[in-house]
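Student: I have a structure to look at. Can you walk me through it?

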Number of protein chains: 2
Amino acid sequence: MKVSELSRRTGVQVSLIKYYLREGLLPPGRATASNQADYGEDHVHRLRFIRTLIGTRGLSTSATKEILDAITAEQDDLHQVFGIALGVRPTRRGADAGTQPADGTEPEPQPEPAGLADARTLIAEMGWEVSPGNPATHTLAEVLAALAGLGADIDWRGLMPYARLADSIADVDIRQMSGERDVLAQAERAVLVSILLEPALLALRRLAQEAKSSRHFAGTDRPAGTDSA
Amino acid sequence: MKVSELSRRTGVQVSLIKYYLREGLLPPGRATASNQADYGEDHVHRLRFIRTLIGTRGLSTSATKEILDAITAEQDDLHQVFGIALGVRPTRRGADAGTQPADGTEPEPQPEPAGLADARTLIAEMGWEVSPGNPATHTLAEVLAALAGLGADIDWRGLMPYARLADSIADVDIRQMSGERDVLAQAERAVLVSILLEPALLALRRLAQEAKSSRHFAGTDRPAGTDSA
């Protein structure tokens with residue numbers, strides 16, 4: 001199909017399609033004339049995938065390109081694709097770069113963020129074996145430090161019930177990822193499940209919170225509209 | 001204490017403290033001279049709370065002000081504070097604004113986002129009573145529409161295991177919120193638990209995912225560094 005048809009099928013403007021082609025997010029079509037190319041169903045699918053990561057999930061163009069490149073390059077190793085989607089390691093060759101420079105010199109000492117020791121204690125308590133470069137460890141440390149700074153009596157022990165539920169969520173995630181036979185489709189699905197479901201999970205928690213808040217804190221004062229539902 | 005001491009205690013620059021004072025996020029100090037004021041422990045606490053919402057959680061100044069105002073104004077009604085933190089309703093008076101205009105005219109018909117019917121089915125299936133204005137319903141609808149658009153065979157039924165786990169998370173949330181005796185402290189804590197823990201929950205899921213991905217997809221190929229931990 002022509003680029004205009006690709007645009008119609010996906011609802012993505014031609015100028016934006018050309019931008020994705022230039023940036024290498026979308027592979028080139030089959031050239032049919034000096035300034036025309038033919039696009040296939042693969043392009044429709046890839047374009048929808050790009051729009052989901054950028055439009056629905058809010059990823060940057062460069063982060064999206066990194067993930068797409070990883071899916072293509074590392075499709076034989078789902079753990080690698082998964083690691084890139086989680087931000088754990090940028091590429092296969094760069095996997096150890098953060099911990100051990102290739103030239104054998106000592107890595108730059110980074111200041112330890114407050115809360116990191118507590119975050120590591122929680123991770124060890126859960127029995128999770130994770131790479132030292134997983135940025136989620138630092139996110140967890142930041143939140144623990146913020147809670148401590150505010151004098152809230154929620155420390156890593158207070159987060160253990162959440163950690164156990166997160167462990168159950170990851171079990172569901174792994175099950176969701178195991179349906180595809182084609183390795184490329186499976187790699188794509190791993191990215192979808194890990195990244196696209198994040199806003200859905202927070203939304204589900206917020207909905208459950210409102211429902212429970214209504215019951216626990218407001219007595220008979222129901223939120224507007226629910227009794228007529 | 002003087003503003004310089006407030007700055008030293010909290011690590012927040014004087015210019016930023018003055019900005020928060022101007023914007024009304026921080027209440028004024030007790031005037032001791034025409035251009036000097038005295039600040040107390042309440043200011044230290046409030047400033048740390050502001051920095052947590054803006055710095056750690058990434059909220060905008062105006063969103064933070066809205067939440068702080070709600071905590072002060074609605075501290076007697078935790079369900080209201082909670083609703084504002086969740087983005088359900090901007091103020092007490094504006095609670096029904098989205099569904100029923102005060103002047104009795106019909107509300108503007110909004111286009112129904114794709115996936116909204118499925119999102120509502122899931123919510124009903126969970127028995128969650130939520131207000132029609134809860135933006136999380138739309139977030140959920142967007143993700144469901146994106147999954148359908150990509151041809152992924154994950155529909156609202158596929159999200160039910162996540163919804164059940166989110167329900168358990170909200171149970172933990174409610175327990176976490178019930179410790180404080182002081183109503184103002186309880187309102188603050190509701191905001192902390194609902195908003196500040198969001199990045200922590202996603203981080204916990206990512207850590208659990210890496211640990212499980214390693215076991216399920218990589219066989220003996222462990223991520224770098226874990227065997228020497």
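Student: Which residues touch the most other members of the largest nonpolar core?
Tutor: They are Val81(A), Leu204(A), Val81(B) and Leu204(B). The core has 120 residues. Keep in mind that this is a predicted model.

Student: What makes it a nonpolar core?
Tutor: Its members must be buried residues of set types, Val and Leu among them, joined through C-beta atoms within 7 Å. Val81(A) and Leu204(A) belong to this core, so they meet that rule.

Student: Why is the core said to lie between domain 1 and domain 2 of chain B?
Tutor: Both domains give residues to it, so it lies between them. Domain 1 is 1-29 + 37-56, and domain 2 is 78-94 + 112-220.

Student: Which residues of chain B does Leu204(A) touch?
Tutor: Leu140(B), Tyr162(B), Ala163(B) and Ala166(B). A touch here needs C-beta atoms within 7 Å, so each of these pairs meets that cut-off.

Student: How many residues take part where the two chains are in contact?
Tutor: 77 residues of chain B are in contact with 78 residues of chain A. Helix 9 of chain B gives the most to its side, with 24 residues.

Student: What makes up that side of chain B by class?
Tutor: It has 43 nonpolar, 20 polar and 14 charged residues. Leu counts as nonpolar and Lys as charged.

Student: What share of chain A is buried?
Tutor: 40% of its 229 residues. Each of those has 20 or more other C-beta atoms within 10 Å of its own, so it is called buried.

Student: How many helices and strands does chain A have?
Tutor: 9 helices and 2 strands. Along the sequence the pattern is α-α-β-β-α-α-α-α-α-α-α.

How values were computed:
Residues are numbered from 1 along each chain as its sequence is written. Chains are lettered from A and ligands numbered from 1 in the order in which they are written. This is a predicted model: local features need pLDDT of at least 70, side-chain atom pairs count only at pLDDT 80 or more; totals for chains, interfaces and linings use all residues. Helices (H or I, at least four residues) and strands (E, at least two) are DSSP runs, numbered from the N terminus. A residue is buried if 20 or more other C-beta atoms lie within 10 Å of its own, exposed if 12 or fewer, and partly exposed in between; C-beta atoms are placed from the backbone. Domain bounds come from an automatic or database domain assignment. Lists of a residue's contacts leave out its neighbours within four places in sequence.
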